[in-house]
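Here are a few exercises to work through with the model open beside you. Try each task before you read its solution.

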Amino acid sequence: MTGRILILGLALAMAAGAALAAQGVHVAAPAGYCIDREASAGHGLVLMGRCEGDSERPPAILTAVVGPSGSGMDVRARGQELAAFFSSTEGRAALSRSGNARRVELLEARGRGEAFLLRLRDTSPGHHGQTEGWRAVLSLNGRLVTLTATGTGAAPLSRENGKRLIGAFVDAMEAANPRGRQAGN
């Protein structure tokens, strides 16, 4: 896969969206977090937060975006390429809520099993949550999936809590989408 195809696939997966299993991937929240079905309906992404009445988990904003069919890739084998892309101006722009690469600082990039994790700081204006957060990129059912986990403005996630939460989110998504099974089956 050339660098341009990788960039196109990542851009499509980060910009395109799906609601729950409509795009061939089951979206599952980690334990203690629930899908906000009303906020997720028709907006191109699935939004999650701490379940009502669960005070054991830190407040957080979670999202899942599912790319088009065929956008998936071998994330594990492409770790160095992904790290280089997300360190580039184009990659930081793709990570930015505003599309402005100068607003994003990549703090960490690492592989985790079949996923690639990113910790970043996005200082784009107009966001009321935490500026530092985690992203995960993984392939499920032949589609590139992007997950996010950030704290709220009032209750930011520590680095370790954010890392644990994005890891639990990846685990929940992988468990909901076992290799060889398509969503809806």
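**Exercise 1: The overall layout**

Count the helices and strands of this predicted model, then list the order of the elements from the N terminus.

*Solution.* The protein has 5 helices and 7 strands. Starting at the N terminus, the elements run α-β-α-β-β-α-α-β-β-β-β-α. Of the 185 residues, 44% are buried.

**Exercise 2: A strand and its surroundings**

Find out whether strand 7 is enclosed or open to solvent, and identify its partners.

*Solution.* Step one: look at burial. In strand 7 (residues 143-150), 8 of the 8 residues are buried, so the strand is largely enclosed by the rest of the structure.

Step two: separate the faces. In a regular strand, side chains alternate between the two faces of the sheet. Here one side of strand 7 carries Arg143, Val145, Leu147 and Ala149, the other Leu144, Thr146, Thr148 and Thr150, and both sides are covered.

Step three: trace the partners. Strand 3 (residues 61-66) pairs with strand 7 in the antiparallel sense over 6 bridges, and strand 6 (residues 132-140) runs antiparallel to strand 7 with 8 bridges. Ala149 stands opposite Leu62 and also opposite Trp134.

Step four: inspect the turn. Strands 6 and 7 form a hairpin with 2 residues between them, and Asn141 in that turn has a positive phi of about 50 degrees.

**Exercise 3: Aromatic rings**

Search the whole structure for aromatic pairs and classify the geometry.

*Solution.* The search gives 1 pair: Phe85 and Phe86, 5.0 Å centre to centre with 65 degrees between the planes. Planes over 60 degrees apart count as edge-to-face, so this pair is edge-to-face. Phe85 is buried at 7% relative accessibility, and Phe86 is buried at 0%.

Technical notes
Residues numbered from 1 in each chain as written. Predicted model: local features only at pLDDT ≥ 70, side-chain atom pairs only at ≥ 80, totals over all residues. Heavy atoms only, no water. Phe/Tyr/Trp six-rings, centres within 6.5 Å; stacked < 30°, edge-to-face > 60°. Buried < 20%, exposed > 50% of the residue type's maximum accessible area, 1.4 Å probe, protein only. Helix = DSSP H or I, 4+ residues; strand = E, 2+ residues; numbered from the N terminus. Pairing = 2+ DSSP bridges.
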